[in-house]
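Q: Could you walk me through this structure? I have not looked at it before.
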Amino acid sequence: MRAVRTGRILVVTAVAWVICGAGVAWANTAASISAVEGQQLNDVVVDTVSSCSNPQQLTNVTIDWGDGTTSSGGTFETGTNSCGIAGSHTYAEEGSYVTDVKYTSAAGGPPNSDVGSAAVSDAQTMASGVNDFMVSDGAPLSAVGVADWSDPVPEPLTSYSATIDWGDGTANPGVIGSGTVSGSHTYANGGRFA
């Protein structure tokens with residue numbers, strides 16, 4: 001430890017050495033993972049352990065994915081003097097998660113816990129069709145089905161919203177149904193509107 005006085009501020013610098021080997025924990029930070037809800041991550045690297053010359057040095061490997069599930073991880077060699085830990089997982093919901101990769105060294109020492117993160121984005125909602133319809137000017141359209149939609153990871157209907165652009169300069173909220181968007185509108189003038 002070194003203390004340096006500069007003006008009226010006392011700066012303290014602590015230097016910690018982490019030595020790999022028997023009886024000493026390895027210090028690493030787990031990876032930052034990007035995922036999409038409902039889509040499986042296959043053999044994604046969740047951690048890289050430095051000063052590891054053989055993947056068999058890592059035992060009791062588990063991955064806490066941060067969403068209430070834990071799985072066993074596989075180890076592999078990533079390069080000179082480093083080992084990787086990978087796993088497969090599917091996040092059910094979007095959000096930010098804190099991951100925790102635990103392992104022990106076959107050489108001995110306490111268990112290691114490397115904390116990482118997972119940023120899981122919402123699955124893309126898809127419009128699968130926009131419906132054509134005929135109506136006379138001045139005649140109201142009532143609860144007409146305007147479009148069909150789907151979500152690969154369905155959520156409660158209250159989680160969705162839609163806006164219908166009627167093509168005549170007006171737009172208003174659509175009514176979300178199970179796989180449909182409907183709305184009501186009256187065209188003031190005749191014509192073809194997108």
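**Strands, sheets and a pocket**

A: Asp43 is found in strand S4, which covers residues 41-50. Please keep in mind that this is a predicted model.

Q: Is Asp43 buried or exposed?
A: Asp43 is exposed, because its relative accessible area is 60% and the cut-off for that class is over 50%.

Q: And Asn81, what is phi there?
A: Phi of Asn81 is near 65 degrees, again a positive value in a residue other than glycine. Asn81 lies in the loop between strand S7 (74-79) and strand S8 (82-89). With a relative accessibility of 43%, Asn81 counts as partly exposed.

Q: On to the sheets. What is the strand order in the open sheet of 5 strands?
A: The order is S3-S10-S9-S5-S6, and the pairing is mixed. Strand S3 (32-36) and strand S6 (70-72) stand at the edges; each has a single partner strand, so one side of each is left without a neighbour in the sheet. From one strand to the next, the twist averages 25 degrees.

Q: How many bridges join S3 to S10?
A: There are 5 bridges between S3 and strand S10 (residues 112-121), and the two strands run parallel. As an example, Ala35 stands opposite Val120 in S10.

Q: In which sense do S5 and S9 pair?
A: S5 and S9 pair in the antiparallel sense, over 5 bridges. Here Thr59 stands opposite Thr104 in S9.

Q: What about S5 and S6, how many bridges there?
A: S5 and S6 are joined by 3 bridges and run antiparallel. The bridge partner of Asp64 in S6 is Thr70. The two strands form a hairpin with 5 residues between them, and Gly66 in the turn has a positive phi of about 90 degrees.

Q: Changing topic: how many aromatic pairs turn up in the whole structure?
A: A search of the whole structure finds 5 aromatic pairs. In one of them, the ring centres of Trp65 and Tyr91 are 6.3 Å apart and the planes stand at 85 degrees, so this pair is edge-to-face.

Q: Where in the chain do Trp65 and Tyr91 sit?
A: Trp65 is in the loop between strand S5 (58-64) and S6, and Tyr91 is in the loop between S8 and strand S9 (95-105). The pair links distant parts of the chain, as the two residues are 26 residues apart.

Q: Is Trp65 buried or exposed?
A: Trp65 counts as buried, at 0% relative accessibility. Tyr91 also counts as buried, at 1% relative accessibility; the cut-off for this class is under 20%.

Q: Which residues make up the cluster of ring pairs?
A: Ring pairs link Trp65, Tyr91 and Tyr97 into a cluster.

Q: Back to sheets. What is the order in the open sheet of 4 strands?
A: That order is S11-S12-S16-S15, with antiparallel pairing. S11 and strand S15 (175-177) stand at the edges with a single partner strand each, so one side of each is left without a neighbour in the sheet. Direction ignored, neighbouring strands of this sheet are turned by 35 degrees against each other on average.

Q: How are those strands joined?
A: Strand S11 (residues 126-130) and strand S12 (residues 140-150) run antiparallel and are joined by 4 bridges, with Met126 opposite Ser150 in S12. S12 pairs with strand S16 (residues 180-186) over 6 bridges, in the antiparallel sense. Gly145 has Ser182 in S16 as its bridge partner. S15 and S16 are antiparallel too, with 3 bridges, and Val175 stands opposite Ser182 in S16.

Q: One last topic: what is the volume of the largest pocket?
A: The largest pocket has a volume of about 750 Å³. It is lined by 31 residues, and the closest to its centre are Val130, Asn131, Phe133, Val146 and Ala194.

Q: Which elements give two or more residues to that lining?
A: They are S11, S12 and strand S13 (163-165). S12 gives the most to the lining of the largest pocket, with 4 residues.

Q: How many of the lining residues are nonpolar, polar and charged?
A: The lining of the largest pocket has 18 nonpolar, 8 polar and 5 charged residues.

Conventions. Residues are numbered from 1 along each chain as its sequence is written. This is a predicted model: local features need pLDDT of at least 70, side-chain atom pairs count only at pLDDT 80 or more; totals for chains, interfaces and linings use all residues. Side-chain values use heavy atoms; hydrogens and water are left out. Two strands pair if DSSP finds at least two bridges between them. Axes are lines fitted to C-alpha atoms, for helices over the stretch in contact, and angles run from 0 to 180 degrees between N-to-C directions. Buried means under 20% relative accessible area, exposed over 50%, partly exposed in between (1.4 Å probe, protein chains only). On a 1 Å grid over the protein atoms alone, a cavity is a set of points where a 1.4 Å probe fits but cannot get out, and a pocket is an open set with protein on both sides within 12 Å along at least five of seven lines; lining residues have an atom within 4 Å of a point. Grid points are joined across faces, edges and corners, and a volume is the space filled by probe spheres set on the points. Ala, Val, Leu, Ile, Met, Phe, Trp, Tyr, Cys and Pro count as nonpolar, Asp, Glu, Lys and Arg as charged, and the others, Gly among them, as polar. Rings of Phe, Tyr and Trp (its six-membered ring) pair if their centres lie within 6.5 Å; planes under 30 degrees apart count as stacked, over 60 as edge-to-face and the rest as tilted.
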